Amino acid sequence: MTDRYAVIGNPVAHSKSPLIHAEFARQTGHDISYEAILAPLDGFRAAVLEFRDAGGKGLNVTLPFKHEAWSLVGAHEGYARDAGAVNTIDMRDSRMVGLNTDGVGLVRDIRHNLGCPIRGRRVLLMGAGGASYGVIEPLLREQPLELVVANRTPEKAVVLVAHFEKFQSFAPEGLVARSYVELRGRRFDILINATSAGLSDAMPPLPDAVFAPGALAYDLVYGKRTPFLEFAGARGARTADGTGMLVEQAAESFFIWRGARPDTAPVIALLKKT
Ligand code: NAP
């Protein structure tokens, strides 16, 4: 029997997840269906339970429901425990287990697809929203030399850093919160834009000389050349958008559900063409 999966969000029509999982299913020969479910802003819980009661096997969760999903599921595994956000629900024996594959996706894209080691590098993470909560522990476990978190509302960066304090020792020179102004005179090897600024053609107020020689500038926003990537490219940095992360986090969800690892490279190439 065909196993049912879906991505749930609001809005959700733009989601590339159905295309990605259809490619994974074709590659691996798994008999699954994968749809997009638009949940009303006040109707996430009801939509999830309806899907589960109809025999659904798993969900990806997107904006704005990742925090609500964390509260809804009965158990958390892996990075979801501390992230406080869930992007993958595994409906095992009608039990709901919440996981977060965003950070795994980001790290895999940076390290394996882009060939950029994180260990021993100076890393700047911009943003203190749901995406930053999802990626910070996996980033720290890569043992960067330091991880600096900057946010437009600086207090939120302070709260984020405090929340993940127990992982501080993974970064020998520290996990710290800074305002953008405080970045003057600092240079980073890997700069990750986990803000939504690019969606409105804006960018965080970075100082000019923030890119170390050979730096990688990574924007989680995908499918467009954001002002941050333009700014970084004009200052000699290597640039990447979030397409690879999107496909890698989907591959990790597919592995959790199906126990099979799809080949992500052709799917990333396909998405970059569309
Ligand atoms: P969120 O919870 O709404 O947080 C948005 C963050 O962006 C906040 O830190 C906010 O700062 C900051 N921000 C917004 N506009 C800004 C601006 N003009 N200048 C500076 N900072 C600004 O969103 P999220 O869930 O963290 O998602 C962030 C982005 O990541 C979204 O665009 C999402 O599409 C993308 N994402 C991509 C993937 C992928 O697979 N590629 C996965 C997850 C998320 P304040 O705190 O000051 O408001």
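These legends walk through several close-up views of a predicted model. Local features are shown at pLDDT of at least 70 and side-chain atom pairs at pLDDT 80 or more, while totals for chains, interfaces and linings use all residues. Residues are numbered from 1 along each chain as its sequence is written, and side-chain values use heavy atoms, leaving out hydrogens and water.

View 1. Around the ligand are 24 residues, where a neighbour has a heavy atom within 4 Å of the ligand. The closest are Ala 131, Asn 151, Arg 152, Thr 153 and Leu 220. Domain 1 (3–100 + 245–273) and domain 2 (116–241) both contribute to this shell, so the ligand lies between them; the domain bounds come from an automatic or database assignment.

View 2. Look for pairs of N or O atoms within 3.5 Å. A backbone N or O atom of Ala 131 is 2.7 Å from a ligand oxygen, and a polar side-chain atom of Asn 151 also lies 2.7 Å from an oxygen atom of the ligand. For Ser 196, a backbone N or O atom lies 3.2 Å from a ligand oxygen.

**View 3. Two cis peptide bonds.** Here you can find the cis bond joining Asn 10 and Pro 11, with omega about 5°. Another cis bond runs from Leu 63 to Pro 64, with omega near 0°.

Methods. Polar contact = N/O pair within 3.5 Å; in protein donor to acceptor, adjacent residues only side chain to side chain.
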